[in-house]
Amino acid sequence: MTRFTQAELEAARDRLVPDVVAGGLRVLFCGINPGLMTAATGHHFARPGNRFWPVLHLSGFTPRLLKPAEQQELLSYGLGITNVVARATARADELTAREYQDGGRLLAEKVTRLKPHWLAVVGVTAYRAAFDDRKAAVGPQERVIGDTRVWVLPNPSGLNAHWTAATMAEEFARLRVAAED
């Protein structure tokens, strides 16, 4: 993996990370916002220690462990990636309530346009803030966006010590099974 200086990572704050999307996906995964490593590389969930890619594989969504640089391959599995908030930060707690609210509105518009079968928001706190749903828990939600059902998944960040890769993979697998119906 490419090593970046702190100055290079800080300079990446202004870079937009393109979505990996197409119409009619089985599942559109939605991260909170790009981290600095993601912004620097242009690859979602690029920070070493982020468990998204291993959990995606362990849960059966992908037949092999993909690297962040292989993110476009997700489309061949009917999967995609976007974010609630486009602005890159070192930590999600740098985002404002307004950014989450605006991000939730823009995400709903994107989902309405792309029509994935499922929207999977990775991070219950981000989902609560973006959709003003203070009681949301990990799992399927009552909310739908058009015909798109919504599932909240645990945040795969290495900072989320409440979930192991194995328990996250179990929750991701529950979504995978639901998305196959």
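Apart from neighbours within four places in sequence, Thr62 is in contact with Leu56, His57, Leu74, Tyr77 and Leu79. The structure described here is a predicted model. Thr62 itself is located in the loop that runs between helix 3 (52-58) and strand 2 (79-83). Thr62 counts as buried because its relative accessibility is 4%, below the 20% cut-off for that class. A polar atom of the Thr62 side chain lies 2.9 Å from the backbone oxygen of Arg64.

When residues up to four places away in sequence are not counted, Val55 touches Ala165, Met168, Ala169 and Phe172. The stretch 165-180 forms helix 6.

The sheet is open and consists of 5 strands in the order 2-1-3-5-4, with mixed pairing. Strand 2 and strand 4 (139-145) form the edges, each pairing on one side only. From one strand to the next, the twist averages 25°. In general, the strands of a sheet pair through backbone hydrogen bonds, in either a parallel or an antiparallel sense.

Strand 1 (27-31) pairs with strand 2 in the parallel sense over 5 bridges, and Phe29 has Ile81 as its bridge partner in strand 2. Strand 1 also pairs in the parallel sense with strand 3, here over 4 bridges. Within this second pairing, Trp118 of strand 3 is the bridge partner of Val27. Strand 1 is mostly covered, with 5 of its 5 residues buried. Val27, Phe29 and Gly31 point one way from the strand, whereas Leu28 and Cys30 point the other way; all are buried.

An antiparallel pairing over 4 bridges joins strand 4 to strand 5 (residues 148-153). In this pairing, Val144 has Arg149 of strand 5 as its bridge partner. Helix 6 packs on the sheet and touches strand 1, strand 3, strand 4 and strand 5. The direction of helix 6 makes about 165° with that of strand 5. Helix 4 (residues 97-114) lies across strand 1, strand 2, strand 3 (118-122), strand 4 and strand 5, and runs at about 80° to strand 4.

Helix 5 (residues 124-131) is largely enclosed by the rest of the structure, because 6 of its 8 residues are buried. The buried positions in helix 5 are Val124, Ala126, Tyr127, Ala129, Ala130 and Phe131. These buried residues pack against helix 4, strand 3, strand 4 and strand 5. In an α-helix, residues three or four places apart point the same way, because each turn has 3.6 residues. Asp132 follows helix 5 and has a positive phi, near 50°.

How values were computed. Residues are numbered from 1 along each chain as its sequence is written. This is a predicted model: local features need pLDDT of at least 70, side-chain atom pairs count only at pLDDT 80 or more; totals for chains, interfaces and linings use all residues. Side-chain values use heavy atoms; hydrogens and water are left out. Helices (H or I, at least four residues) and strands (E, at least two) are DSSP runs, numbered from the N terminus. Buried means under 20% relative accessible area, exposed over 50%, partly exposed in between (1.4 Å probe, protein chains only). A polar contact is a pair of N or O atoms within 3.5 Å; within protein, one must be able to donate a hydrogen and the other to accept it, and residues adjacent in sequence count only if both atoms are side-chain atoms. Contact means heavy atoms within 4.5 Å. Two strands pair if DSSP finds at least two bridges between them. Axes are lines fitted to C-alpha atoms, for helices over the stretch in contact, and angles run from 0 to 180 degrees between N-to-C directions.
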